[in-house]
Amino acid sequence: MKNLLSMKDLEVNEIEHILNRALEFRQGAESELDKQYTVSNVFFEPSTRTKMSFEMAERKLGLHVLPFDAGTSSTLKGETLYDTIKTLESIGVDAVVMRHEKDEYYEELSTGINVSIINGGDGSGQHPSQSLLDLYTIKEEFGSFKGLHITIAGDVSHSRVARSNAQALQKLGAIVTFLCPPQWQGEFDSTSNWEEVLPLTDVVMLLRVQHERHEADETFSKQQYHEQFGLTQARYNQLKPSAIIMHPAPINRDVEIASVLVESEKSRIFRQMQNGVFVRMAILESVLKERF
Amino acid sequence: MKNLLSMKDLEVNEIEHILNRALEFRQGAESELDKQYTVSNVFFEPSTRTKMSFEMAERKLGLHVLPFDAGTSSTLKGETLYDTIKTLESIGVDAVVMRHEKDEYYEELSTGINVSIINGGDGSGQHPSQSLLDLYTIKEEFGSFKGLHITIAGDVSHSRVARSNAQALQKLGAIVTFLCPPQWQGEFDSTSNWEEVLPLTDVVMLLRVQHERHEADETFSKQQYHEQFGLTQARYNQLKPSAIIMHPAPINRDVEIASVLVESEKSRIFRQMQNGVFVRMAILESVLKERF
Amino acid sequence: MKNLLSMKDLEVNEIEHILNRALEFRQGAESELDKQYTVSNVFFEPSTRTKMSFEMAERKLGLHVLPFDAGTSSTLKGETLYDTIKTLESIGVDAVVMRHEKDEYYEELSTGINVSIINGGDGSGQHPSQSLLDLYTIKEEFGSFKGLHITIAGDVSHSRVARSNAQALQKLGAIVTFLCPPQWQGEFDSTSNWEEVLPLTDVVMLLRVQHERHEADETFSKQQYHEQFGLTQARYNQLKPSAIIMHPAPINRDVEIASVLVESEKSRIFRQMQNGVFVRMAILESVLKERF
């Protein structure tokens, strides 16, 4: 693939290829890139996990990584995003990993740009590398997606992760249920009844409560959210023995999940981060191999 | 050369050497440095293009690059610039690429410091690596500078680029005309009549309108500037077939140049950025080769 | 050693090992690390010297260095320090060099974390890599610590360096005297009489006056401080011929030390910074060798 913009663009066989290649990297495979490529991580919104995970993946692949500082970039002098990325292209950057607050920012880069774009998150849109590492973690656990019951719980309407994941999981044969406060369901159908979904669920995918987006319409405290919609110890105890818990992080402890459950037996939260590096190696390799 | 501070310091044969070596790098030549050198890019003013271009050049030369964060540096605790650079020297840095808001900041580093300084822009003073890449781009196009008519258009009085380029171009035999609003001409003679200069011009060097410097004395809107002093499509059409357009970027589209002309046939704007990496490789190599 | 948190944790033989290994690195020894390790410099407080010194040491050891930007990290989204460091562990980081404004921040990382921590400064607590480079510089000069008279002068109560150094120097057999304004002595005994200590002193360790901590209770101007408690030329002239001057920097010139003395014959200030790189190579190697 030339770019990775949205999970919508990926065929099932492309997803499978990424997941298989990530497994090979996890088992120690070496990069198949035969040229010295240069990438840059262009993050206009804060990120620790995604950015550092890509940084690690890039070093493991032996890439040159040019530091980009959004806080002092020429976009502050009014430069268009197109001109900024065209500049990176001119300098010799092969691929850009980008996060930007604007939904589908990459549309304005769709013509005239010869840098590969890997979307590291666009506004309330997509976050495909997170989706792919989530898929990897589920596949690693269950072998396949067919018939799995996945419960995505939290701020569904504002979540990049929820959108990306729901689309991909359904394409792969899983059954997705959203659990959230009714005012947060956005375009999706949802339930707010944990007891109804717990006995069926194979994977609980928790979303981060984005306090920064909910200051005005706050209708419940953190504690109230936790009691009504969070994963409490009591709910954890009702899960199937084979069920697992996932969270993209950063975690609000004792809000979307009880603090004691973060490293519990069913939690794959830090495992997801481990897997993320290998999935991103697969993404980068796949994109860079298509360059001449 | 030990340092690169100002175009004034460069003899014609030194300029020629840099341009020739940049061409060799463009054609695939390898670094002649036989030691592991370390550099740091010390930018006290924002920059995407210049900083990232040097970062790329440094990686292509196989240098170690130490990240320097001006926003969290000890200069915030009142350290002198001399002591900051002396610190880098002590740590083992061989050369510093520096941008600073103070004109000729490097004067206070002229004694006692054994780090090579490459000036990445000082206040309203010089920007020699930009000048050299501009010269490279012109030479690439026309083969020589003798008798070429160069029109430098824009905020002449505040432009580092205008000063550096004018000095060097005249030394090399070109004929330089400044075109700007009369109140922006500073110490230079200028015209504000495009029609007069267009038929003669071989190279239009546009300068960025620095809105941040013109808030108080604003005498025309962006649109008025564009119509009177910018490169419009109508003016473009009057240029000689062999003429080219240059701009150091970042570009204010539809202010100093019509947006549609940024990637027009005569434009060398992104070509300049490509060339910049090779010119900076030549500068770094030349400076580092003089270290023992 | 698995971590380097505080000078209190180091046995005399561990200190000796670091200093000896640093000397070997200074003389050109190569890294004994036989694996590709990855580190990250996680600085929640500004630093030029310490951070860049570690960056250089890391490159000389051939480590991968993942950039961490505290200003855009997920701690801004309320992530706990534990979760941030656990994230780095999951991504594959072997060791973290950390500075944090909280005293003994590393206590909350003492269980559950499998990343080695090298303390780059905690609040008003410890700064062990600075202490070790100070010890190295003294040993380089005098061969041993037994019976040396060390005068630590300045803001003793707020200084990480004073605490770390005093503990270590006494353990190694030196005699430590604090010299400071009475209101700055904190838990330590001190004198404010230079004339009393000058004839005996082998090493003057100056501390930085931290103006940012003394705005409210300012009882003397910079000039008054210099005259009463700073190292003036007159006091310098009373030092023994063999005495040396040290300062951790950044320096307030003409406050804790007369500007003309910064690079005087007895000054080891920039020598300390040179030594710092080799000491930090020894620290990093020692910590990473204990990983499997």
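How many residues of chain C are in contact with how many residues of chain B? I found 19 residues of chain C in contact with 21 residues of chain B, where two residues are in contact if their C-beta atoms, placed from the backbone, lie within 7 Å.

I noted that this is a predicted model, in which local features need pLDDT of at least 70 and side-chain atom pairs count only at pLDDT 80 or more, while totals for chains, interfaces and linings use all residues. Residues are numbered from 1 along each chain as its sequence is written, and chains are lettered from A and ligands numbered from 1 in the order in which they are written.

Next I looked up what supplies the side of chain C that touches chain B: helix H2 (49-60) and helix H9 (269-289) of chain C each give at least two residues, and the largest share, six residues, comes from H2(C). Helices here are DSSP runs (H or I, at least four residues), numbered from the N terminus. I read the residues of this side as 10 nonpolar, five polar and four charged, with Ala, Val, Leu, Ile, Met, Phe, Trp, Tyr, Cys and Pro counted as nonpolar, Asp, Glu, Lys and Arg as charged, and the others, Gly among them, as polar.

Then I compared copies: chain B can be laid on chain A with an RMSD of 0.0 Å by a turn of 120° and a shift of 0.0 Å along the axis, superposing by least squares on the C-alpha atoms of residues with pLDDT of at least 70 in both. The two copies are therefore related as by a three-fold rotation axis.
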